[in-house]
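Hello,

Here is the structure I promised to send over.

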Amino acid sequence: MFGMMPPLSNQAEAAITPSMGYAGSALTGQSKIDSDNVPRPIPNSAVILHATRQGNQANPPPPATSDYIVRDNGNCSPRYMRCTINQIPCTVDLLTTSAMQLALLVQPFALPHPCEEPIEVVDFGQGGPVRCFRCKGYINPFVKFIDQGRRFTCNLCGYTNETPRDYHCNLGPDGRRRDADEKPELCRGTVEFVATKEYTLRDPMPVVYFFLIDVSMNAIQTGATAAACSAISQVISYLPEGPRTLVGIATFDSTIHFYNLKRALQQPLMLIVPDVQDVYIPLQSDVIVRLSECRQHLELLLENIPTLFEHNRTADSAFGAAVKASFLAMKSTGGKLLVFQSVLPSTGIGALSAREAEGRSNISAAEKEAHKLLQPADKTLKTMAVEFAEYQVCVDLFLTTQSYVDIASICVFPRTTGGNVYYYFPFSAISDTAKLYNDLRWNITRPHGFEAVMRVRCSQGLQVHEYFGNYSRRIPTDVDLPAIDCDKTIMVTLKHDDKLQDGSECSFQCALLYTTIYGQRRIRVSTLSLPCTTVLGNLFLSADLDTQFTCILKQVASEVATAPLPQIREHVTNHCINILHSYRKFCATVSSSSHLVLPEALKILPLYTLALVKSTGLRTDGLIDNRSFWINYVSPLSVPLAISWVHPRLIAIHKYNIEEGEESIIPPPIPLSNEQISDNGIYLLENGEDCLIYVGNSADPGVMRQLLGILSVEEVPAQFVLQQYDNPLSKKLNDIINDIRSQRRNYLRLKICRKGDSSGMLFFSNMVEDKTSLGLAYVDFLVHIHGQIKSKMA
């Protein structure tokens, strides 16, 4: 069941030739590469035990997509921080030659494996945690104590500090403090310090949840309002208990409706704000109240809202004004603003027009400047979002829509305030209500903190170049996060400002100051120390494929709104070619030019590159909102979810074994190719957000009935809700989907697809190994890469 990571080999590479398969096995065909033997991800169901350091050296992390248990013995868990290369190039020239990127992916609140030890909390008392006087880095396992422990040298800036008198301890024969293994901050890569008053500008904020619900005609008629009210009503019981939890609620169409939730009133009192150009709040108090004092009123109101507005004929939406008014109510406290929006904002502050329709009416102009539709329409909403972040208000958007809502413009709120965007298009009250509830429940129950500030420091010779993610910044060195949760990832690109010493180690430290839901100020510190090298081969040997590709994906997502798509697709392909060319030219042991030589650590990079080129975000035929959502979804995405978002998992569910005793509930994946899809088969494809079940035209009616409750493909419903029927096949399918949902921490939208209609086209658009208008077939792409490398070598 358990497998240890294999040691890195010095000759780890794969060679592919037109007459050779991957791994060098002889094939009969002389004209092309055998598609069965090209590099593909190899699933590993065994749990990997990973010690972060071995023999006083950094231990390369397991793949981000694998199942692993971490023992933190100096370096932080790779869940919290990963580097694209696990040996750091000593010079910028060496990094440039490799063509790889040097970056960190930081996920400070990442969920640990259930078998891992919890992060230890360290309280230094009124003096606060020990820090470097010069760079303000925090005490960690890699500072070097000298002079019998009376001083220590900072591993980040090299400054020699006096050890505080009450923190002094003698050194052992090995030069380590005698108490190092007893102090978490000296033997663990991740610890949490209790923050002192100097880290607090004001009293810790209460836990505020404000719900803002669209009650315009479209939202009422599609059932979106009822679904939102039902979801909120069900999750109230999951909100933190105690006097610090405050709630508020408002609704909006062309006007804004606040509700007085004060206990003394017999029922909630509606207060209407008709001015959507210069908004205000009708009450300074009683709009946001303690949950313990208004629970019954809130439940009654949520039950009545759909009925109260059931005859509403107002089609307009004052989204911008409603969000602004809600912010005014929250300004003194901060907190989470959860917005349920169904139509394009059409009136009041930040009103928008249907830009997508304008783009369709002028196709030639739209193709040339399509990326402009992926940018916010104006700066009004962005200016508001920056103010929200300043006052610690985080906005989450739940878009329950059946039409264009200009995601590019309205998503500046979650992008700037550390929030999320959830997209249900086209919204169906039948099939999406359960997902809306589960998304909302996870949003408020997952580990999270408030009013956070994050900074990444690194050793002399390197510096932080840029941050990518959902955040705002008031000063260049810090990332401001009104809310931070276990799913949020920040990408940190690095650059050299000096040479590093060969054989030394380079340290990275992420410090996150935040408020817990219980009102405590904490500093979560994660430290990673990696060896430096002057050998180019070591960079390829220690490259982290998943992290490298996720960084490429995030940079592409940040460029899609500002550059033409053909240019981005070419850039992505050339990036892959340049990396493989560098390896071929300087490191490969195979000399024949007829071989395509791939470094073992990056052998799947061409496949992931091809999948990215064909992804929704880089297609011209997709809806603008779908592409805008793709960009916004990628921004805070973690490494494991980034891989599945671009390269989905495909399994044949008509073939699975229903016998007990299998090591993994989920069957092994099959290649994303049309050749793998049989007309009599049933397949499941998932990308971490959506789950498509494809039913072949000749699928066995008996199997269809057991799995899906239908007897023929013609009975495939437009809106599908998974049921568990009384048979082993149905139970197995439910177990698989539930296990995937658990892995992805996402409820997944389910859709049944069939050949010959739009659902079938959606399914087959994910077959990234096949030739499309956007890219070559996988085998041909490898031949193309080989040709480009040979051309560069010549």
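The structure holds 33 salt bridges, each being a side-chain nitrogen of Lys or Arg within 4 Å of a carboxyl oxygen of Asp or Glu. Please keep in mind that this is a predicted model, where local features need pLDDT of at least 70, side-chain atom pairs count only at pLDDT 80 or more, and totals for chains, interfaces and linings use all residues. Residues are numbered from 1 along each chain as its sequence is written, and side-chain values use heavy atoms, with hydrogens and water left out.

One of the salt bridges joins Arg522 and Glu192 at 2.9 Å, N to O. Arg522 lies in strand β28 (residues 521-533) and Glu192 in strand β14 (residues 190-194), so the pair ties together parts 330 residues apart in sequence; strands are DSSP runs of E, at least two residues, numbered from the N terminus. Arg522 is buried at 14% relative accessibility, and Glu192 is buried at 4% (buried means under 20% relative accessible area, exposed over 50%, partly exposed in between, with a 1.4 Å probe and protein chains only).

Arg202 and Glu451 also meet in a salt bridge, at 3.3 Å, N to O. Arg202 sits in the loop between β14 and β15 (207-214) and Glu451 in strand β23 (residues 448-458), so this pair links parts that are 249 residues apart in sequence. Here Arg202 is partly exposed at 34%, whereas Glu451 is buried at 8%. Elsewhere, salt bridges with shared partners join Arg446, Asp485, Asp487, Lys488 and Arg745 into one network.

Best wishes

Definitions and conventions:
Helix = DSSP H or I, 4+ residues; strand = E, 2+ residues; numbered from the N terminus.
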